[in-house]
Amino acid sequence: MLKNKKNICAILAIFYLFILAFSSLTATISHAERQYYAKIMDNNVYFYSQPVENTEARLFAIPESYFVLLLGEENDEFYIARYDDVDGYVLKDEVVVMDGTPSKPYASSSFRIFALEGMGLYSSPYINDLNILANVPYLADELVYYGDINGEAIPDKSNIWYYCKYNDIFGYVYSVFCDSLQVDINNEIFNVVDVPIFSGQNSPSGLSPVAMTFIVIGVSLPCLVVIYLLIKPSFAKEKVLNNTHKIPKKKRHGDYYEFDESDLN
């Protein structure tokens, strides 16, 4: 009886270790496949078209207090990022990675053109017929705002240009002839993530999820073998006892009974 209790305790202990190892693997994979949003805490944090820190690669300054979705690490300086439906890059030391999903991560507001002759949508923030992408008519208000950047200016006027989308074309319009733009402050805040781990990267232990899977399998198989070896003697003993205590059949001959010797074999 005591031996059976010891076997049961050993089986439960091994089962617990197996569940613990499997849970650790699941947590590691889940962590590795997470999505991270990074918050823009200051002005003049730029979204880049290329992972190089120069003026030509800057697409626009991301509105302060909003977020970018991080898609991975490009190198030691840049994250691969997405701002709404624009893909690009952000500098790691200019954003704060957070543990949470904001309800309104992007400041995708609309604005209107009020220039009587309309406005050009340009590939760069300066007026030049060579880089015009489209003509935006007077009072068009379906332009989607992403951010702004400094560019060519009319004397004594603002040098701000808006990076926007018009009829699925991305480009810049001169802000002096735009109105009706309203960008509120996003007050959403979450816990800060010091070291984000993206899908495909190694976990802090230095092991990938695939490696962790093989480790769990390697641990599990011996556990199953041990469980089998613990259970097998009990089954064998029970079988022997059953055969030993088997009662021979009796044959009736008249007024007395006689054992059949074949029943003893």
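A polar contact is a pair of N or O atoms within 3.5 Å; within protein, one must be able to donate a hydrogen and the other to accept it, and residues adjacent in sequence count only if both atoms are side-chain atoms. Ser-65 supplies one such case: a polar atom of its side chain lies 2.9 Å from the backbone nitrogen of Asn-186. The model is predicted, so local features need pLDDT of at least 70 and side-chain atom pairs count only at pLDDT 80 or more, while totals for chains, interfaces and linings use all residues. Residues are numbered from 1 along each chain as its sequence is written, and side-chain values use heavy atoms, with hydrogens and water left out.

Stay with Ser-65. It sits in the loop between strand 3 (58-61) and strand 4 (67-73); strands are DSSP runs of E, at least two residues, numbered from the N terminus. Ser-65 has a relative accessible area of 7%, so it is buried (under 20%; exposed is over 50%, partly exposed in between, with a 1.4 Å probe and protein chains only). Not counting residues up to four places away in sequence, Ser-65 touches Lys-39, Ile-40, Asp-184, Ile-185 and Asn-186. Contact here means heavy atoms within 4.5 Å.

Lys-39 also meets Asn-186: its side chain reaches the backbone oxygen of that residue at 3.1 Å. Lys-39 is in strand 1 (residues 36-39). It is buried yet has no salt bridge, meaning a side-chain nitrogen of Lys or Arg within 4 Å of a carboxyl oxygen of Asp or Glu. The nearest side chain of opposite charge, Glu-188, is 6.7 Å away. Lys and Arg count as positive, Asp and Glu as negative; His and the chain ends are not counted.

Now the cysteines. The structure holds zero disulfides, a disulfide being a pair of cysteine sulfur atoms within 2.5 Å. For Cys-164, the nearest cysteine sulfur is that of Cys-178, 7.4 Å away. Cys-164 is buried at 0% relative accessibility. Cys-178 is buried at 10%.

Last, the aromatic rings. The structure holds 20 aromatic pairs. Rings of Phe, Tyr and Trp (its six-membered ring) pair if their centres lie within 6.5 Å; planes under 30 degrees apart count as stacked, over 60 as edge-to-face and the rest as tilted. Tyr-146 and Tyr-163 are edge-to-face, at 6.1 Å centre to centre and 65° between the planes. Tyr-146 lies in strand 11 (residues 143-150) and Tyr-163 in strand 12 (residues 160-166), so the pair ties together parts 17 residues apart in sequence. Both tyrosines are buried.

Key: Helices (H or I, at least four residues) and strands (E, at least two) are DSSP runs, numbered from the N terminus.
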